[in-house]
2 protein chains.
Amino acid sequence: MAKDLQTVVQQFRSYTRRMKDYSEAIAVLGWDLRTGAPKKGQGQRSEVIGSLSTELFKMGVSAEMKEFIDSLSETGAYEQLDEVTRALVRECKKEYERSHSIPSDLYQEYVVLTSKSETAWEEARHNNDFANFQTYLEKIVDYTKRFIEIWGYQEHPYNTLLDQYEPGITVAILDPLFADLRAQSVALLQAIQERGRKTDTSFFGQRFPIDDQRRFSEHVLKKIGYDFEAGRLDVSAHPFATGLNPGDVRITTRFQEDDFRFAIFSTIHEGGHAIYEQNIGKELVGTILSEGASMGIHESQSRFMENMIGRSFGFWTYFYDDLRNMFPAQFADVSIDQFYRAVNQVEPSLIRTEADELTYNLHIMVRYELEKALIGGDLQVADLPGAWNDKMKEYLGVVPQTDSDGVLQDVHWSFGAFGYFPSYSLGNIYAAQFEAALRRDMPDYKEAIQRGEFSAVKSWLNDKIHKYGRLLEPKDILASVTGESIDARYLVNYLQSKYTEVYDL
Amino acid sequence: MAKDLQTVVQQFRSYTRRMKDYSEAIAVLGWDLRTGAPKKGQGQRSEVIGSLSTELFKMGVSAEMKEFIDSLSETGAYEQLDEVTRALVRECKKEYERSHSIPSDLYQEYVVLTSKSETAWEEARHNNDFANFQTYLEKIVDYTKRFIEIWGYQEHPYNTLLDQYEPGITVAILDPLFADLRAQSVALLQAIQERGRKTDTSFFGQRFPIDDQRRFSEHVLKKIGYDFEAGRLDVSAHPFATGLNPGDVRITTRFQEDDFRFAIFSTIHEGGHAIYEQNIGKELVGTILSEGASMGIHESQSRFMENMIGRSFGFWTYFYDDLRNMFPAQFADVSIDQFYRAVNQVEPSLIRTEADELTYNLHIMVRYELEKALIGGDLQVADLPGAWNDKMKEYLGVVPQTDSDGVLQDVHWSFGAFGYFPSYSLGNIYAAQFEAALRRDMPDYKEAIQRGEFSAVKSWLNDKIHKYGRLLEPKDILASVTGESIDARYLVNYLQSKYTEVYDL
């Protein structure tokens, strides 16, 4: 490599390292704000986060950044770069092109709008008053459309939004994928409902002391491979995982004394996210590639851990003695079979975040269809509540009585995150594809889980997925692990086989 | 104010506001590191702190900063500035002049040296091996002398170090001040020792469950005016207070199950620091003036709270019922009188951080004399252990058996903090001056404390000292509160009067 090029690479690496430092600082400030920062300091704290975020944004669209990208993308230069630097150039270029084209005053207006809009949404949901949120949402949709015009798009304007969260995914891919998954899910749901078998879940509603729940959650986390020397478990209103660096990936949960399920499954879910980030390759630490490949790949790791491992019969066969030792009275009369069926109960419901594994994707499809129509100009914001209820009836067979339990339930739209929801179902689809590959590579992995041996599965995930961080794009990870492209068939098979067993279909 | 000047002021205010944002971020990262950040992420975290600190340093010595300072210091401009902006210019100018003159490679060498040296000190203390720390300390002294040459100094080279921590304080002020305080302290100590009255403190060594200690500490903190909606209490190896912003000022302590004293008095001490920062004036929030006026003024607030309030008879008269309710068995046979004498026991000892209120200042004077001699060229690092032991014998009448309990006990020198130690005694001196002023303004304040009424004292401190933050310089605060300049007589009077009572002299 020529001396000049070497120097540019060094400068670029150190420039982007500084960006990563800012990201980590912002993430710590955010974690702190959500886990116990005192109330009266939060206004000033938001200013600090805003200030650092602005600096980080400026670094991504600076003239210096443009020079780095231009000189490192040149033919003759790019070919000589190592794999990590290439990926850094790829990511920086993408971010630069998306961000620098938006006039800064337009962007500033949008930031102000979305921050107000989130408060408006909270109030509207609280008061079941869509009309008061409608004007905000209309403006957000307008701004989003203007951004899309500036960015440009291919085939469908929604594609450019999808690309933010899941590079390579388009409406042309999603439409048939989701149509297929929906048809099969609805058919399976119908079969379950026709079977008419009732599941008893009442024992989850007893009193479960929080300290015991915490100890049990920690026990499970350790067993599945979460490293407490590189993380910690705290409490927040909404559970989340945050990867500050691979040596510090934190989880939060919320303990409900009167429902055993919430904390344990949210902990396993966030544990899946966290184990991903704890095991990103050492050569990526301190680079902006030290994060998940995409929202969908990230979600595949949490869903795999929560559902395919954490709701499996083998998993609970292993943990059931520990659970009964911790909560002897609560589970005295509950057999492992009853317990297993109870954590896998299927029941169409109104709220996405409380949905079971089967109907969850139908909630996502409702949102996907509505977003696509809004952005494509086929639906007006004013018509959204009605359209929501129609879709819910069509896909899930239930209709909310209030907008609070319907169109107002999610925070995402209030900050303009259109294109985000599909990632959740993509995560489920990827997870099933990965699970099939795991079964191929380790046919006896379920027996290992049942014996409480999690390390082989974890190593497989580390080696096939985690270590790459954001070095590879989602489709490349999928191809390298499974040899295939995205395919909902594996998820359908998984769901059919699981519920055939759970419900004796 | 001319339009141009207004614009410069606005830009300067927003520039320094950004500096404050960085400071707050760095402080949160530091708090996090010391209160529970997972081990494996700490290396990367230190990089992040280093990265933000470098940015902050650069902002303080940038060409932009120089332009601000130059144009706002001009005659005709400075006079038009409001009080806050003037103080900002004053502080920025001071920092600029100190920092920009050090060649950046020299400074970089020094940063690397001190970071290695801290580790070397830890090892040396652990192994009682001064020789292995000596070479580091010699280099640190050398660098410090070079910096002093660059900065320049008046009268004594040590003055420029003092000025970093306590603006306005010089060797010419400290020498007679400390000589007087030492003579009187030694005389008082002698009187106490001749009195020969033994204090029973054995009851502090029983078992005090940590949860109870925590609840008691929180109870006391609330009572004395610490606002838990603008702060929190956590655990760390060494107690500290950190003011992120006045709405978020955090305290840490360490609970020792087998000694009741440590946590409660460290909590009250840090509480004093924290109440200061929680009550800095609103117009200073978000500026770099939103901190204590100096190390010494800060320490005056913690010492006042810990010693003059927290070790007073009235204080414990009020809290003794609560204490006995919390720990009935432990204090069953201990009268309030015994308790009061026990928390005010005087006993010359080897370790500064464990010293009582009277002998503490003698520890400081040992360090002051040695630092002054080192920096003045009258003492070589190699001769430090011997000089230390001689001074300890002379001032306190005790001699350490090992350097670990002697010259190696404090971390300060290992990171080059020469000039810092005097602040501790200045804090005690200021505190006694403030206490005399408080007694003049509120002659019945001790009775109020004895009734558990802390709010009048707190309001007085808020109004006379806290609200000014760093707006005023230490000597101006002292003058405005007491009408006098620094004077050790008040501390001497306070100590004489207290120990005459405690020891029936």
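1. Let's begin where the two chains meet. In this predicted model, 37 residues of chain A are in contact with 37 residues of chain B. The two chains bury about 3,000 Å² between them, and carbon and sulfur atoms account for 48% of that area.

2. The polar side of this interface deserves a careful look. The rule finds 16 salt bridges across the interface of chain A and chain B, and 25 residue pairs are in polar contact between the two chains, both residues being at pLDDT 80 or more. On chain A, the elements that give two or more residues to the side touching chain B are helix H1 (3-35), helix H2 (42-60), strand S2 (241-245) and strand S3 (248-253). H1(A) supplies the largest share of that side, with 11 residues. Sorted by class, the side of chain A that touches chain B holds 15 charged, 13 nonpolar and nine polar residues.

3. Which residue of chain B forms a salt bridge with Arg45(A) at 3.0 Å between the closest N and O atoms? One such residue is Asp248(B). Glu24(B) also forms a salt bridge with Arg45(A), and here too the closest N and O atoms are 3.0 Å apart. Because Glu24(B) sits in helix H1 (residues 3-35) of chain B and Arg45(A) in helix H2 of chain A, this pair joins two chains. Both Glu24(B) and Arg45(A) are buried.

4. There is also a salt-bridge network to trace. Glu24(A), Asp248(A), Arg250(A), Asp32(B) and Arg45(B) are linked in it. As background, side chains of opposite charge can pair when their charged atoms come close.

5. Over all chains, a search of the whole structure finds 76 salt bridges. Arg197(B) is in the loop between helix H8 (171-195) and helix H9 (210-224) of chain B, while Asp504(B) is in the segment after helix H20 (489-502) of chain B, so the pair ties together parts that are 307 residues apart in sequence. Arg197(B) is partly exposed, at a relative accessible area of 26%, and Asp504(B) is likewise partly exposed, at 37%.

6. For another salt bridge, turn to chain A, where the side chains of Arg440(A) and Asp441(A) meet at 3.1 Å, N to O. Arg440(A) has a relative accessible area of 48% and is therefore partly exposed. Asp441(A) is partly exposed as well, with a value of 32%.

7. Now to the annotated position. UniProt, in an unreviewed entry, places the feature "active site" at Glu270(A); please keep in mind that such annotations may be inferred rather than shown by experiment. Glu270(A) belongs to helix H10 (residues 260-278) of chain A. Is Glu270(A) buried or exposed? Its relative accessibility is 10%, so Glu270(A) counts as buried. Setting aside neighbours within four places in sequence, Glu270(A) is in contact with Pro239(A), Phe240(A), Ala241(A), Ile251(A) and Thr252(A).

8. Not counting residues up to four places away in sequence, Ser185(A) touches Leu358(A) and Leu362(A). Ala187(A) is also placed in helix H8 of chain A, but Ala187(A) is partly exposed, with a relative accessible area of 42%. From Ala187(A) to Ala77(A) the separation is 110 residues in sequence and 54 Å in space, C-alpha to C-alpha.

9. Finally, two backbone angles in chain B are worth checking. Asn128(B) is not a glycine, yet it has a positive phi of about 50°. This residue is found in the loop between helix H5 (104-127) and helix H6 (130-151) of chain B, and Asn128(B) is partly exposed, with a relative accessible area of 34%. Glu155(B), another residue other than glycine with a positive value, has a phi near 65°. Glu155(B) lies in the loop between H6 and helix H7 (158-165) of chain B. With a relative accessible area of 72%, Glu155(B) is exposed.

Note on methods
Residues are numbered from 1 along each chain as its sequence is written. Chains are lettered from A and ligands numbered from 1 in the order in which they are written. This is a predicted model: local features need pLDDT of at least 70, side-chain atom pairs count only at pLDDT 80 or more; totals for chains, interfaces and linings use all residues. Side-chain values use heavy atoms; hydrogens and water are left out. Helices (H or I, at least four residues) and strands (E, at least two) are DSSP runs, numbered from the N terminus. Buried means under 20% relative accessible area, exposed over 50%, partly exposed in between (1.4 Å probe, protein chains only). Contact means heavy atoms within 4.5 Å. Buried area is the accessible area (1.4 Å probe) that two parts lose on being put together, summed over both. A salt bridge is a side-chain nitrogen of Lys or Arg within 4 Å of a carboxyl oxygen of Asp or Glu. A polar contact is a pair of N or O atoms within 3.5 Å; within protein, one must be able to donate a hydrogen and the other to accept it, and residues adjacent in sequence count only if both atoms are side-chain atoms. Ala, Val, Leu, Ile, Met, Phe, Trp, Tyr, Cys and Pro count as nonpolar, Asp, Glu, Lys and Arg as charged, and the others, Gly among them, as polar.
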